[in-house]
Amino acid sequence: MSSTVSTTPSSTLIDSKWDLVLSNAIVKTGLGFGAGVLASVLVFRRRSFPVWIGVGFGLGRAYAEGDSIFRSSGLREIKA
């Protein structure tokens, strides 16, 4: 006896929002890291604080966008 589990539209919506938020966090953090490394090498004589500042800005921006994604209603923002 096998039971099939069907997903409801609300769980599909939450799953797609989580996918978007997590991929957004990875991309934003990576961009912040890259910008921090570049600034560290070119401007700050290989100090580490620009890297951490860049990662912090990336995570903060990802958190802000994730918060707005979860507060929005509907799938319109995800498909855009």
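Guide: What follows is a walk through the salt bridges and then one serine. Please keep in mind that this is a predicted model.

Visitor: How many salt bridges does the structure hold?

Guide: The general idea is to look for a side-chain nitrogen of Lys or Arg within 4 Å of a carboxyl oxygen of Asp or Glu. The structure holds 3 salt bridges.

Visitor: Which parts does the pair of E65 and K28 tie together?

Guide: E65 forms a salt bridge with K28, and their closest N and O atoms are 3.7 Å apart. Because E65 belongs to helix α2 (residues 49–71) while K28 belongs to helix α1 (residues 9–42), the pair ties together parts that are 37 residues apart in sequence.

Visitor: Is E65 buried or exposed?

Guide: The idea here is to compare the relative accessible area with a cut-off, since buried means under 20%. E65, at 18% relative accessibility, therefore counts as buried, whereas K28, at 23%, counts as partly exposed.

Visitor: Which residues are linked with E65 in a network of salt bridges?

Guide: The network of salt bridges links K28, R61 and E65. R61 forms a salt bridge with E65, with the closest N and O atoms 3.1 Å apart, and R61 itself is partly exposed, its relative accessible area being 48%. R61 and E65 are 4 residues apart in helix α2, so about one helical turn separates them.

Visitor: What separates D67 and R71 in helix α2?

Guide: These two residues are also to be read along the helix: D67 and R71 are 4 residues apart in helix α2, which means that they are separated by about one helical turn. D67 forms a salt bridge with R71, the distance between the closest N and O atoms being 3.1 Å. As for accessibility, D67 is partly exposed at 30%, while R71 is exposed, with a relative accessible area of 67%.

Visitor: Which residues is S40 in contact with, leaving aside its neighbours within four places in sequence?

Guide: With those neighbours left aside, S40 is in contact with R45, R46, R47, P50 and V51.

How values were computed
Residues are numbered from 1 along each chain as its sequence is written. This is a predicted model: local features need pLDDT of at least 70, side-chain atom pairs count only at pLDDT 80 or more; totals for chains, interfaces and linings use all residues. Side-chain values use heavy atoms; hydrogens and water are left out. Buried means under 20% relative accessible area, exposed over 50%, partly exposed in between (1.4 Å probe, protein chains only). Contact means heavy atoms within 4.5 Å.
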